[in-house]
Structures are given as C-alpha cells and as structure tokens.
Amino acid sequence: MDLVNHLNDRLLFAIPKKGRLYEKAVSILNGSDIKFHRSQRLDIALSTSLPVALIFLPAADIPTFVGEGKCDLGITGVDQVRESQVDVNLAIDLKFGNCKLQVQVPQNGKYTSPEQLIGKTIVSSFTNLTKEYFAKLENTTIENMKTKVKYVSGSVEASCALGVADAIVDLVESGETMRAAGLTDIATVLETSATLIESKNPKSDTQLIETIKSRIEGVMTAQEYVYCTYNAKESQLEELFKITPGRKAPTISKIGSDGQWNSVSVMIERKRKGVILDELKLKGATDIMVFEIQNCRI
Ligand SMILES: Nc1ncnc2c1ncn2[C@@H]1O[C@H](COP(=O)(O)OP(=O)(O)OP(=O)(O)O)[C@@H](O)[C@H]1O
Ligand SMILES: O=P(O)(O)OC[C@H]1O[C@H](OP(=O)(O)OP(=O)(O)O)[C@H](O)[C@@H]1O
C-alpha cells in the first residue's frame with residue numbers, strides 16, 4: 001500500500017518513535033481506542049479505528065512538526081517544546097516523563113552555585129534553554145553573555161570528565177546517570193513532563209481533534225481515579241460523604257427492606273485509596289469494594 005497517498009484525508013498525529021516516552025505514548029493511544037498496526041521499520045501507521053495517521057518521529061522534532069502545522073497533534077516533553085521555541089498549545093499534561101533539566105557539576109569540585117559558572121563552558125543537548133538560563137543569570141542578552149554553551153546530542157554526562165565542559169545541563173529523573181558520572185546538581189532550569197501538543201492552525205476537522213482530546217482526557221481520569229462502592233446506614237452517610245465527596249457527588253441507592261441501608265458509588269483518587277478505605281471502615285461503612293475504571297468521559 002502506498003501509505004503517503006493515504007495521508008491527505010487523515011489527521012497527522014506525531015508520536016515519539018523510541019526512547020523514554022515511546023511506550024507510555026503508545027499505551028495512551030491504546031487506552032483512547034486509536035488502533036493501529038505499525039509495520040517493522042515504517043514510521044507511519046494508519047489507524048484502523050479513526051481517520052488518523054500516526055507519524056513516529058524523534059521526540060525532539062515533534063514540536064517543530066506541530067508548530068509548523070505539518071501535524072495537528074503530537075506527544076512530546078515540555079522540555080522539547082520549550083527548547084524548540086515553537087508556538088503550540090500545550091493541550092493535556094500526560095503525567096509521565098517527569099524529570100528536571102538541571103545544571104550539573106563534578107562532585108566535590110570548585111563549583112557550588114550556577115553564578116560561579118558565568119564565563120565557563122557548559123555542554124547540553126538543550127542549548128537554547130541553557131543560553132536563556134545563563135543570559136538571565138548574567139542579566140544580559142544571549143548575544144552578549146560571557147558563558148559559552150556547546151551542543152552535544154547525547155551522553156552529555158561524559159563532557160566534564162572528558163574536559164569538554166565545566167558543567168552540563170541535562171535531564172535528571174532518579175539521578176542515577178548523574179551520580180554514576182560523578183556529578184551533582186546545583187540548579188534546576190526546567191521541570192518537565194510529557195504533554196499532548198496541538199497546532200494553533202489545525203488542518204483537520206476540529207470535531208475529530210476534540211474527540212481525540214476527550215478520549216485522552218478520559219484515559220487520564222481513568223488513571224487518576226478508581227471506582228469505590230460501599231454500604232452504609234442512613235445515619236452514617238453525612239460523615240462518610242466527607243471522606244468520599246466524589247467528583248460531583250456520590251451516587252446513592254436504597255437497599256434492603258427496612259429503608260435503613262444504602263449502597264454508595266463514588267470515584268476516589270487512586271493515590272489516596274488506602275487511606276480512604278481505612279477511614280470508611282472506621283466510620284462504619286461495610287462491604288467496601290474498589291474497581292478499576294477502564295475508560296470514562298467526564
Ligand atoms: N530519565 C527520564 N525520565 C523521564 N523522562 C525522561 C527521562 N529522560 C528523558 N525523558 C523525557 O523523554 C524525552 C525524550 O528523551 P529520550 O532520552 O528518550 O530521547 P531520545 O533521544 O528520543 O531517545 P534515545 O535516548 O533512546 O535516543 C525527553 O525530552 C524528556 O521529556
Ligand atoms: O536520572 P536518571 O533516572 O538516570 O535519568 C536521566 C537520564 O535519562 C535520559 O537519558 P536516557 O537514559 O533516556 O538515554 P540517552 O542518554 O540516550 O538519552 C537523560 O538524558 C539522562 O541521561
């Protein structure tokens with residue numbers, strides 16, 4: 001099949017082709033029911049469930065493709081968007097790919113604050129953000145700053161040991177890579193996470209874009225909440241609803257023949273479910289159960 005000829009009538013959605021964001025981006029597509037089959041070595045996949053073509057690109061190039069309106073939607077890191085200096089909408093925070101872009105120097109070395117690096121050589125894959133950061137620190141423009149900023153595309157952490165840099169600016173999540181290279185962080189340039197980005201001049205039908213965004217928001221909500229049900233006596237409900245107020249309000253159904261008992265269903269935050277279940281039990285709720293929400297629209 002000549003894939004390229006099938007692209008004109010489809011919304012182009014840019015997805016990281018590999019690296020840290022790839023798997024979770026694909027899992028969001030699966031959760032949103034954007035079905036596709038990607039042939040080996042092909043960077044374009046046509047969705048079989050929506051008029052969408054997925055374009056697999058390096059995370060660093062995705063802001064440019066969306067910013068220039070070549071793709072209507074994309075998934076990448078906020079760091080890549082800021083570095084690319086493009087004008088796109090940050091549509092949905094996808095709550096993965098969380099890390100920090102940090103200034104790093106040799107452990108136990110002579111530098112302990114970023115001000116001491118003014119006029120020195122800094123190596124990074126994020127040269128625009130690094131220049132912006134040091135120009136601000138020097139209180140001058142990028143053209144007039146004294147600090148030298150050099151680009152390398154990867155293995156940035158080797159630069160200090162190789163004598164290429166006095167410091168580096170690179171991403172840190174657990175800090176393992178930084179510590180293994182004998183480095184320590186002294187300042188944060190940017191905090192980042194993965195985001196859905198949207199062209200400001202979309203070519204596709206806006207209804208289709210809204211449908212995709214609503215599906216992705218549904219996946220995010222389903223990840224954030226779980227569904228909880230419990231039984232309780234009428235007299236206990238007021239106290240129990242303080243623990244489980246729900247997104248809008250709990251759903252209540254009368255159960256049993258004496259009119260005393262109620263079944264309550266409510267969405268609760270996944271990360272607080274242990275504490276919430278403990279409190280519900282203490283305040284008299286019974287038959288407490290928690291279920292996964294596979295998908296939802298809110
Ligand atoms: N350690 C990390 N933890 C969480 N998110 C990260 C981490 N490293 C990078 N990211 C996020 O993933 C994006 C892509 O980084 P990655 O290192 O995967 O780049 P890549 O060059 O596309 O892939 P590869 O490193 O496989 O060549 C970064 O811009 C950042 O938003
Ligand atoms: O703080 P940590 O948990 O160690 O993560 C940070 C590392 O992760 C990223 O690189 P990645 O491992 O994706 O490989 P890369 O250097 O090829 O980009 C980033 O560039 C750091 O080197």
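How far is an oxygen atom of ligand 2 from an N or O atom in the side chain of T177? I looked it up first: the distance is 2.5 Å, well worth a note as a polar contact (a pair of N or O atoms within 3.5 Å; within protein, one must be able to donate a hydrogen and the other to accept it, and residues adjacent in sequence count only if both atoms are side-chain atoms).

Housekeeping, before I go on. I am working on a predicted model, where local features need pLDDT of at least 70, side-chain atom pairs count only at pLDDT 80 or more, and totals for chains, interfaces and linings use all residues. Residues are numbered from 1 along each chain as its sequence is written, chains are lettered from A and ligands numbered from 1 in the order in which they are written, and side-chain values use heavy atoms, with hydrogens and water left out.

**Ligand 2**

I went on to the other contacts. The side chain of R20 puts an N or O atom 2.8 Å from an oxygen atom of ligand 2, and a backbone N or O atom of G175 is 2.8 Å from a ligand 2 oxygen. On its own, ligand 2 has 490 Å² of accessible area (Shrake-Rupley method, 1.4 Å probe), and the protein covers 64% of that.

I then listed the shell, taking residues with a heavy atom within 4 Å; among them are R20, E157, D170 and T177. By class I get two nonpolar, three polar and five charged residues. β9 (167-172) and α5 (176-180) each supply at least two shell residues, and β9 gives the most, with three. Both elements are DSSP runs, numbered from the N terminus (helices H or I, at least four residues; strands E, at least two).

**Ligand 1**

I counted 13 residues around ligand 1, with K18, G19, R20, D79 and Q80 the closest. Oxygen atoms of ligand 1 lie 2.6 Å from a side-chain N or O atom of K18, 2.7 Å from a backbone N or O atom of R20 and 2.8 Å from a polar side-chain atom of Q80. Taken alone, ligand 1 exposes 610 Å², and the protein buries 70% of it.

The shell splits into four nonpolar, five polar and four charged residues. Where does ligand 1 lie relative to domain 1 and domain 2? Domain 1 (3-96 + 194-204) and domain 2 (99-192) both give residues to the shell, so ligand 1 lies between them. I note that the domain bounds come from an automatic or database assignment.

Key. Nonpolar A, V, L, I, M, F, W, Y, C, P; charged D, E, K, R; others polar.
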